[in-house]
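Reader: Hi, can we go through this one together? I'd like to start with the rings.

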Amino acid sequence: MSIVYKRPEVFTDEYMKYCGGCGHGIINKLIGEIIEEENLVEKTVLIWPIGCSVYADKYFKADSVCALHGRAPAMGTGIKRACPEDLVIVYQGDGDMVSEGMAEIMHAGIRGEKFTVIFVNNSIYGMTGGQMAPTTLMDQVTTTTPYGRAEVNTGNPVNMAEIIGNLPECYYSERVTVNSPANIRKTKAAIKKAFKYQMEGKGLSFVEILSPCPTGWKVKPVQAIKWIDDVVTKQFPLGVFKDRGQEEK
Amino acid sequence: MADKVFMQGNEAFAEAAIRSGCKYFFGYPITPSSEIPEYYAKKAPTEGLTFIQAETEVSAFNMVAGVAATGKRGMTATAGPGFSLGCEAMSYMSAASLPAVIVDCMRPGPADGEILGSQGDYNQLTKGGGHGDYNTIVLAPYSVQEYADFAPLAFDLAEKYRNPVVVASDGTIAKMMENVELPERVEPKGRADWAVDGINGRGHHNDITTCGDGPEQWERFNLALQAKYAEIRENEQRWEEVETADADIIVVAFGTMARVCLDAVKLARKDGMKVGMIRPITIWPFPEKAFANYIGKGKKFFVAELNAGQMVNDVKIAVNDNASVEFYGRLGGMIPSPVEIYNKLCELYK
Ligand SMILES: Cc1ncc(C[n+]2csc(CCOP(=O)(O)OP(=O)(O)O)c2C)c(N)n1
Ligand code: SF4
């Protein structure tokens, strides 16, 4: 009998602390599968953010560091500059990146730091109990937008994959989601491509992943999956915003 | 033979850091620290250095944390307003046990304040600055020679204790030129066994985290940090004494103020006044040991600083509240003349 589906060996025995139906676990697993399949475990340095994935260093038998809130791209800059041969993976949530760490991610993109950013956009602050993020959708109810997000006080959601893709030194920017097996496969292909570009020494590779947060959104996991299709992707369209690897062909 | 050159403080420090194997510099311009990033930028191509002008001090400090996490030598340089922004990372690097070196060319605050010689960051540097129970070793040079000597020392101490080390200069030490013997070049060490630089044949993975796993674990973590700080307090107190043995008055001053006070002590001795000086070289750990011999002997202590008296409490603790401790300070970037200090000593001597 052949094995078609298994736990990546790079995972430790630690229990994942994510809620049922959360996208983080799927995304962590994809990263594990890819670095294993591509034989990159020994070269990997994972930089985790402050957010629900803060304990993810415990899940991987690979070098890991947990950065301060929002500062992962700055730490990643130091690590990648010191170890240019390594696969440096900067993992961030949307509060972490688009609010606390907007300067750090923008300038990493402006400089074209040669690492990969995995941006988990669940349009809410998961860890702190469901407050508004800059990526929260219009009219979305969160604990700090109890009447729904309104333009007047909070402006509009921020589309990072487009913004980063527009920077000249960004090599690759794509938005994907993990709400169905087909979309998970596409996400895996996007992350794999980003890692490939990094190992070829290209500029910033950026993968934004629309990720369900049923707990923060206060819906059942199946509803969360549907909400991504029905609502989230209307604000955050899936697609490739920059792929210099394709353009250069 | 070490090179002897006539050099500006900041440039001598930068050159000494390069010779100490520090190949990574990240910084944001601020007077009076900017010659350090400028020196790195200039030398980058010929010395094979990495220099990034960071978007903010917040980023610069976190970039340094990144390099330090890989076990390589990296640093930043700033002044009070930038150091305030870096305090988040100081707390982080202390918890993460990262051997980073940070230069603070102190300015007279609060706020943007002024740019001339000052010791206004004493409390911030020695009492934390960021959140939580942490300490960083703080070296306070009083000459260009000492400034340069502290580059290799700072990296050695940072690596020995896996702890951030601050070199606290100011506009005077940073900007003046003096003769200086530059340190020898050292070869970079091999990989550090604890570092996060990819497994790459190490045989196991490394993990750096500063997130607690429940109060019991986090208390144990904190106690381990405190044990390290106790060891540093025991081993690394540094100071210089000048004519303290028979002194009735002992001046306590560091950095720029120690230069002024040294001349004042000489003037007083010329007049037959028995005045000596203790010059703290590490302001954390504070050199309490220097005071042990003089407690309860009727000596007076005279603390002189370029701030409103931030070191006074440390001296009072060091003398066990068992001696009179007087203070004189100037603020705003004003630096007293030796005669000004001498006159204060005369008043005190009566
Ligand atoms: C400086 C700082 N400010 C605030 C916090 C509190 N905090 C922890 S996680 C978080 C938001 C995380 O949200 P996000 O990045 O979207 O990640 P998620 O939990 O949704 O995966 C905040 C505000 C912190 N740890 N540090
Ligand atoms: S709160 Fe949301 S993001 Fe956090 S683990 Fe739960 S589902 Fe995932």
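Reader: Which residues do ring pairs link into a cluster with Phe11(A)?
Author: Trp48(A), Phe60(A) and Tyr91(A) join Phe11(A) in that cluster. Rings of Phe, Tyr and Trp (its six-membered ring) pair if their centres lie within 6.5 Å; planes under 30 degrees apart are stacked, over 60 edge-to-face, and the rest tilted.

Reader: Where do these values come from?
Author: This is a predicted model, where local features need pLDDT of at least 70 and side-chain atom pairs count only at pLDDT 80 or more, while totals for chains, interfaces and linings use all residues. Residues are numbered from 1 along each chain as its sequence is written, chains are lettered from A and ligands numbered from 1 in the order in which they are written, and side-chain values use heavy atoms, leaving out hydrogens and water.

Reader: How many aromatic pairs are there over all chains?
Author: The search of the whole structure gives 17. One of them is Phe11(A) with Phe60(A), edge-to-face, at 5.2 Å centre to centre and 90° between the planes. Phe11(A) is in the segment before helix H1 (23–37) of chain A, and Phe60(A) is in the loop between strand S1 (44–48) and strand S2 (63–66), 49 residues apart. Helices (H or I, at least four residues) and strands (E, at least two) are DSSP runs, numbered from the N terminus.

Reader: Are Phe11(A) and Phe60(A) buried or exposed?
Author: Both are buried. Buried means under 20% relative accessible area, exposed over 50%, and partly exposed in between (1.4 Å probe, protein chains only).

Reader: Why is the pair of Phe119(A) and Phe206(A) called tilted?
Author: Their planes are at 45°, with centres 5.9 Å apart, so the pair counts as tilted. Phe119(A) lies in strand S4 (residues 116–121) and Phe206(A) in strand S6 (residues 204–210), both of chain A, so the pair ties together parts 87 residues apart in sequence. Phe119(A) and Phe206(A) are both buried too.

Reader: New topic: ligand 1. Which residues come nearest?
Author: His24(A), Asp94(A), Gly95(A), Asp96(A) and Gly126(A), out of 16 around ligand 1. A residue is near if one of its heavy atoms lies within 4 Å.

Reader: What does Asp94(A) do there, in terms of polar atoms?
Author: A polar side-chain atom of Asp94(A) lies 2.6 Å from an oxygen atom of ligand 1. For Asp96(A), a backbone N or O atom lies 2.7 Å from an oxygen atom of ligand 1.

Reader: Which helix gives the most to the shell around ligand 1?
Author: Helix H3 (residues 94–100) of chain A, with 4 residues.

Notes:
A polar contact is a pair of N or O atoms within 3.5 Å; within protein, one must be able to donate a hydrogen and the other to accept it, and residues adjacent in sequence count only if both atoms are side-chain atoms.
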